[in-house]
Amino acid sequence: MSMTLVRYLMAGVLATASLPAIAQDQSTAQPQPTIQLPQPEGPRESITGTLSNERTVIAIPALATSSVQNVAGLRTDSLGRQIAEVIAADLERSGLYDPMGPSGIPAISRTEVQAPRFAEWQARNAENVVHGFVDASGTGGLVVGCYLYDTALGSELVRKGFEIQPGDWRRAAHKCADAIYSRLSGEAPFFDSRVAYIAESGPKGNRIKRLAIMDSDGGNHRFITNGQALAISPRFSPDYKKIVYVSYLNNRVRVFIYDVAAGSQKLVTESSNATFAPRWSPDGTQILYSMAVNGNTDIYRISANGGTPVRLTSTPGIDVGGSFSPDGKKIVFESDRSGGQQIYTMNIDGSNQQRISFGGGRAATPEWSPRGDLIAFTRMGGGEFRVGVMTPSGGGVRMLTNSWQDEAPTWSPNGRVIQFFRTTPGREGKSSLWQVDLTGVNMRRLPTPQDGSDPSWGPVLP
């Protein structure tokens with residue numbers, strides 16, 4: 001379902017009728033708090049490099065409503081609690097915060113949204129409190145407001161408002177959580193984003209692999225392909241409108257681009273040779289992919305509109321892309337030209353190919369961080385696969401996971417969290433999606449209706 005999330009500037013009054021119907025974008029407009037109070041001088045936490053288990057306590061009561069109304073079969077009071085639950089789950093998932101509520105804490109009235117009882121929240125040891133409201137918009141939609149307060153200073157830190165279609169209430173919750181996370185941590189947002197991955201079912205020797213997409217927390221899940229053809233290696237386009245992936249059917253190997261909004265797809269290239277690992281250029285005009293010809297696998301670049309591919313590697317062995325650097329000037333890839341899989345970089349025309357991974361074991365599946373500061377990869381050795389990161393020059397290697405088989409890392413939009421898939425040992429070999437932040441401490445499994453592999457984390461939704 002297509003969706004338009006309209007942000008508006010919330011006035012210092014609470015009556016829904018006083019809110020603009022379709023108000024101005026807050027990226028240019030400045031919110032006007034009811035009371036101007038001192039603000040903290042900067043972010044209070046940083047996910048970068050911290051190993052502390054100490055988390056900021058944030059109270060999140062259910063969002064208030066002026067009156068209980070039904071909108072498209074949804075009750076505003078129920079949505080107030082559900083939105084608060086999603087906000088709390090998002091913040092807890094970041095590893096930085098210890099949300100309190102909405103269960104087990106007092107509900108708030110509509111008048112308290114902009115007049116919190118700070119002393120009561122301080123008594124509960126909450127350093128911050130989130131208040132908000134959800135109301136019918138009068139045009140068949142919903143109006144959601146979200147505020148963040150510092151309980152010690154008694155000051156407003158965040159104010160966001162959204163006019164949405166009823167089915168998009170989860171996006172409003174993610175946007176609220178993103179605003180809170182960014183204000184407190186100083187990091188870019190990442191909750192309002194989506195993940196494409198391969199849903200797997202059936203016996204290990206005859207797996208059905210379907211392309212699927214979902215929200216970053218596993219919500220709004222849907223299958224894209226029906227499983228008749230084998231789907232692998234999905235990647236979201238930089239503008240979020242498309243997904244490139246590889247389809248195998250009856251010895252035909254095709255690279256498709258699927259249009260998410262239109263529900264249609266177009267062919268980019270087709271071959272009888274094994275083809276895999278398509279990756280977008282940062283501007284969305286080019287696609288990298290790997291193809292095996294006569295026992296030799298090389299990396300090719302092709303226009304997203306199709307055409308004649310350009311071969312970028314030509315050494316004997318297996319060369320597999322890989323991804324573009326965020327500035328589009330370099331490509332990181334894996335190659336076994338040295339006798340075992342290792343990580344290399346090259347210019348986008350294939351020149352200046354240099355090995356950057358050294359040390360014990362093999363290294364594969366590299367992916368450049370959207371920030372450009374790190375490359376995630378899979379380290380293989382001693383019968384185990386582990387996910388780690390290194391700098392673009394190959395230094396600063398840090399392993400983030402320590403399981404039997406973790407592989408295929410993909411970055412969050414803000415470059416601070418990595419998703420990957422984990423396979424269990426044994427005959428069944430079940431696979432599941434996981435994520436870990438750069439500390440290596442905050443690790444958790446993502447819910448999926450079936451086994452999952454090969455995730456691709458897309459950018460933050462507009």
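Trainee: Leaving out residues up to four places away in sequence, which residues does asparagine 442 touch?
Mentor: Keep in mind that this is a predicted model. Asparagine 442 sits in the loop between strand S30 (431-437) and strand S31 (443-445). With those sequence neighbours set aside, the residues that asparagine 442 touches are Arg55, Arg93, Ser94, Gly95, Gln435, Val436 and Asp437.

Trainee: Is asparagine 442 buried or exposed?
Mentor: Let's go by the number. The relative accessible area of asparagine 442 is 9%. Buried means under 20%, so asparagine 442 counts as buried.

Trainee: Which backbone atom lies 2.9 Å from a polar atom of the side chain of asparagine 442?
Mentor: Arg93 is among the residues that asparagine 442 touches. A polar contact needs a pair of N or O atoms within 3.5 Å. At 2.9 Å from a polar atom of the asparagine 442 side chain, the atom you want is the backbone oxygen of arginine 93.

Trainee: On to the rings: how are tyrosine 147 and tyrosine 149 paired?
Mentor: A search of the whole structure turns up 10 aromatic pairs. In the pair of tyrosine 147 and tyrosine 149, the ring centres are 6.2 Å apart and the planes are at 5 degrees. Planes under 30 degrees apart count as stacked, so this pair is stacked.

Trainee: And what kind of pair do phenylalanine 190 and phenylalanine 191 make?
Mentor: Their ring centres lie 4.4 Å apart, with the planes at 35 degrees. Under 30 degrees would be stacked and over 60 edge-to-face.

Trainee: Which arginine lies over the face of phenylalanine 223?
Mentor: There are a couple of arginines over rings to sort out. Arginine 110 lies over the face of phenylalanine 133, at 3.9 Å from the ring centre. Over phenylalanine 223, at 3.7 Å from the ring centre, you'll find arginine 210.

Trainee: In which strand is glycine 322 found?
Mentor: This residue is worth a look, since most peptide bonds are trans. The bond from glycine 321 to glycine 322 is cis, with omega near 15 degrees. Another cis bond runs from glycine 101 to proline 102, with omega near 5 degrees, and proline 102 is in the loop between strand S5 (97-100) and helix H2 (118-123). Glycine 322, though, is found in strand S20.

Trainee: Does asparagine 251 count as buried or exposed?
Mentor: Most residues other than glycine have a negative phi. Tyrosine 240 has a positive phi of about 70 degrees and, at 8% relative accessibility, counts as buried. Asparagine 251 has a positive phi of about 65 degrees and is found in the loop between S13 and strand S14 (252-259). Exposed means over 50%, so at 72% relative accessibility asparagine 251 counts as exposed.

Conventions
Residues are numbered from 1 along each chain as its sequence is written. This is a predicted model: local features need pLDDT of at least 70, side-chain atom pairs count only at pLDDT 80 or more; totals for chains, interfaces and linings use all residues. Side-chain values use heavy atoms; hydrogens and water are left out. Helices (H or I, at least four residues) and strands (E, at least two) are DSSP runs, numbered from the N terminus. Buried means under 20% relative accessible area, exposed over 50%, partly exposed in between (1.4 Å probe, protein chains only). A polar contact is a pair of N or O atoms within 3.5 Å; within protein, one must be able to donate a hydrogen and the other to accept it, and residues adjacent in sequence count only if both atoms are side-chain atoms. Contact means heavy atoms within 4.5 Å. Rings of Phe, Tyr and Trp (its six-membered ring) pair if their centres lie within 6.5 Å; planes under 30 degrees apart count as stacked, over 60 as edge-to-face and the rest as tilted. A charge sits over a ring if NZ of Lys or CZ of Arg is within 6 Å of the ring centre and within 35 degrees of the ring normal.
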